[in-house]
Amino acid sequence: MLHRPRIEERLNPLREALLNHRIYGEMDRLGVLRLFMEHHVFAVWDFMSLLKVLQRRLCCVEVPWVVPADPQACRFINEIVLAEESDDDGRGGFASHFELYHRSMKQCGANTAGIDGFLSELRRGVPVLTALASPAVPKAARRFVKQTFKIIETGNLCAVASAFTFGREDLLPDVFQRIVDELNTQACGQLDDFKYYLERHIGLDGDEHGPMATRLVHSLCGSDESLWKVAEETAVSCLMARQKLWDGIYEAVNGKGVTSGAAEA
């Protein structure tokens, strides 16, 4: 059976719903984009957490070193880690894509207190679910990260690889990038860093990392129908979780009175 086409057939309506979500119709002002980023940054962070699970499981990151069981999978993951964790920062140095996103939030005036407080707690050794309980973490973002960590905690490598592959940032449509371009012009360049992030992260996802991740899922699942079923159900659950995140952001935008037509703060 052709497993990938079957998965794509189930995912296509979910992808279409996400790419045409009503949240994009609200993003005609910088205040709305800021609120979007304050939620979405948690998805950027937990994407990195999925990647590090794959690296720990497929590459040797321990001492003493041993030969990885699957050299091809190890190569795929290390290539992705190189760019995601230490990409060209556009200023002559290097930074993770999460750091590029965080930098873009600060440049445009988005509030980083939620994500900063969350990371501060993690550095102190506080468990993820406990750190998420902070009132500074947006409710929709908290729900989204919990879903991701449920997948991680299963220990099922095919499930983690599927979440990493099918819940990627190509779920941001072209219209989103056009909105950012227009808002950046209005804001006199306050979104320059965010435009750079979109160029680097989403560009790499589509051109390089997406195909690598897809090959990884094929490698891990092989011809085992039960593993492909896990990959399929995980992919569906991830897109449904993303839908709830987008819904939550839409509700937050309207609840805070920063919808289109509202006065800019």
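At what angle do the axes of helix α9 and helix α12 cross? Before selecting anything, keep in mind that this is a predicted model, in which local features need pLDDT of at least 70 and side-chain atom pairs count only at pLDDT 80 or more, while totals for chains, interfaces and linings use all residues. Residues are numbered from 1 along each chain as its sequence is written, and side-chain values use heavy atoms, with hydrogens and water left out.

**First stop: two helices**

Select residues 157-166, which form helix α9, and residues 225-255, which form helix α12; their axes come within 8 Å and cross at roughly 45°. Helices here are DSSP runs (H or I, at least four residues), numbered from the N terminus, and axes are lines fitted to C-alpha atoms over the stretch in contact, with angles from 0 to 180 degrees between N-to-C directions. Because of that angle, α9 is oblique to α12, where oblique covers what is left once angles under 35 degrees (roughly parallel), over 145 (roughly antiparallel) and 65 to 115 (roughly perpendicular) are set aside.

Now show the side chains of Cys158, Ala159, Ser162, Ala163 and Phe166 on α9, together with Leu227, Val230, Ala231, Thr234, Ala235, Cys238 and Leu239 on α12, which make the contact (heavy atoms within 4.5 Å). These residues divide into ten nonpolar, two polar and no charged; Ala, Val, Leu, Ile, Met, Phe, Trp, Tyr, Cys and Pro count as nonpolar, Asp, Glu, Lys and Arg as charged, and the others, Gly among them, as polar.

**Second stop: the largest pocket**

Next select Trp45, Met48, Ser49, Lys52, Glu85, Ser96, Phe98, Glu99, His102, Leu119, Leu122 and Arg123, which line the largest pocket. On a 1 Å grid over the protein atoms alone, a pocket is an open set of points with protein on both sides within 12 Å along at least five of seven lines, a cavity is a set where a 1.4 Å probe fits but cannot get out, and lining residues have an atom within 4 Å of a point. The volume of this pocket, about 390 Å³, is the space filled by probe spheres set on the points, which are joined across faces, edges and corners. Helix α3 (30-58) gives the most to the lining, with four residues, and the lining as a whole holds five nonpolar, three polar and four charged residues.

**Last stop: the cavity**

Finally, select Leu50, Phe144, Ala163, Gly167 and Arg242, which among 13 lining residues lie nearest the centre of the largest cavity, a space of about 130 Å³. Here too α3 provides the largest share of the lining, four residues.
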